[in-house]
Amino acid sequence: MNGSRPSSRSKQHWIAPSILSADFARLGEEVEAVVAAGADLIHFDVMDNHYVPNLTVGPVVCRALRDHGITAPIDVHLMVKPVDRIIPDFAEAGATFISIHPEATEHVDRSLQLIREHGCKAGLVFNPATPLNWLDHVLDKLDFVLLMSVNPGFGGQQFIESALEKVARTREAVDRSGLPIRIEIDGGVKVDNIGRIAAAGADIFVAGSAIFGSGDYAGTIAAMRREIAAAPTA
Ligand code: DX5
Ligand code: ZN
């Protein structure tokens with residue numbers, strides 16, 4: 001490919017604010033505000049106090065956002081174990097993307113198929129210590145790969161630098177496959193590191209505290225887009 005990576009750079013890059021850092025008492029307004037500020041999709045973290053040591057929200061809240069009038073894609077990140085029973089509920093509740101952790105299901109292939117069967121885009125999530133070889137036999141079942149750059153469970157953690165190499169290796173595998181698989185990064189994404197993450201090959205950027213913790217959602221999202229646009233293509 002002449003040293004270039006067309007599939008990583010010609011593609012649109014998406015910003016996905018994580019509601020984990022939103023004001024939950026005003027969730028509908030918060031989501032409206034980030035969409036108005038330029039968010040491309042809404043990252044919806046689901047935690048069960050079992051697979052991860054925190055507890056958040058379920059399908060009724062996803063449905064409530066749809067009923068509130070949110071039409072932006074909702075990116076449901078399932079940090080729950082077991083996971084299969086809840087996938088149809090989220091599809092029914094209006095999820096657009098659904099991702100699962102391989103450690104949280106007995107049958108990864110089956111869970112991924114279940115997501116697509118219910119009309120959603122399917123993603124597989126890799127914790128910082130989860131090896132990428134989980135990808136080897138399921139690439140054709142994936143619409144996106146979500147790489148965790150923190151250990152899942154909480155917002156506001158520090159970006160783990162080794163995730164950058166994992167992004168680059170995933171980008172190589174995806175480009176080699178020729179499949180239209182997106183690469184999402186989640187955890188510790190800020191204006192000052194998003195350019196390096198884009199250069200490594202990610203094209204969906206989850207950011208919770210960096211956006212909801214800033215006083216200016218539109219300004220922060222615009223600054224992120226500037227950094228992505230200025231990032232070297234590597
Ligand atoms: C962590 C969640 C993340 C979290 C990111 O388990 O999956 O989506 O909200 O938050 P920040 O961007 O603050 O690291
Ligand atoms: Zn997440």
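β2 gives the shell around ligand 1 its largest share, three residues. Helices (H or I, at least four residues) and strands (E, at least two) are DSSP runs, numbered from the N terminus. The model is predicted: local features need pLDDT of at least 70, side-chain atom pairs count only at pLDDT 80 or more, and totals for chains, interfaces and linings use all residues. Residues are numbered from 1 along each chain as its sequence is written, chains are lettered from A and ligands numbered from 1 in the order in which they are written, and side-chain values use heavy atoms, with hydrogens and water left out.

**Shell around ligand 1**

- The shell holds 20 residues, and Asp45, Gly153, Asp186, Gly208 and Ser209 come nearest. A residue is near a molecule if one of its heavy atoms lies within 4 Å of it.
- At least two shell residues come from each of β2 (42-47), β3 (74-79) and β8 (204-207).
- By class, the shell has eight nonpolar, 10 polar and two charged residues. Ala, Val, Leu, Ile, Met, Phe, Trp, Tyr, Cys and Pro count as nonpolar, Asp, Glu, Lys and Arg as charged, and the others, Gly among them, as polar.

- A polar contact here is a pair of N or O atoms within 3.5 Å.
- The side chain of Ser18 has an N or O atom 2.8 Å from an oxygen atom of ligand 1.
- For the side chain of His77, the distance from an N or O atom to an oxygen atom of ligand 1 is 3.3 Å.
- Gly188 uses its backbone: an N or O atom there lies 2.8 Å from an oxygen atom of ligand 1.
- On its own, ligand 1 has 380 Å² of accessible area (Shrake-Rupley method, 1.4 Å probe). The protein covers 100% of that area.

**Largest cavity**

- Ligand 1 takes up the space of the largest cavity. A molecule sits in a cavity if more than half of its atoms lie within 2 Å of its grid points.
- A cavity is a set of points, on a 1 Å grid over the protein atoms alone, where a 1.4 Å probe fits but cannot get out; lining residues have an atom within 4 Å of a point.
- The whole structure has one cavity of 30 Å³ or more. The largest cavity has a volume of about 190 Å³, counted as the space filled by probe spheres set on the points.
- Its lining has 25 residues, with Phe154, Gly155, Asp186, Gly187 and Gly188 nearest the centre.
- β2, β3 and β8 each give two or more residues to this lining.
- The lining divides into 10 nonpolar, 12 polar and three charged residues.

**Largest pocket**

- The largest pocket has about 160 Å³ of space. A pocket is an open set with protein on both sides within 12 Å along at least five of seven lines.
- Its lining includes Pro131, Leu132, Asp136, Arg169 and Arg176.
- Five nonpolar, one polar and four charged residues make up the lining.

**Backbone**

- Lys81 and Pro82 are joined by a cis peptide bond, with omega about -5°. Pro82 lies in the loop between β3 and α4 (87-92).
- Asn49 has phi near 60°, a positive value in a residue other than glycine. Asn49 is in the loop between β2 and α3 (59-68).

Note on methods
Polar contact = N/O pair within 3.5 Å; in protein donor to acceptor, adjacent residues only side chain to side chain.
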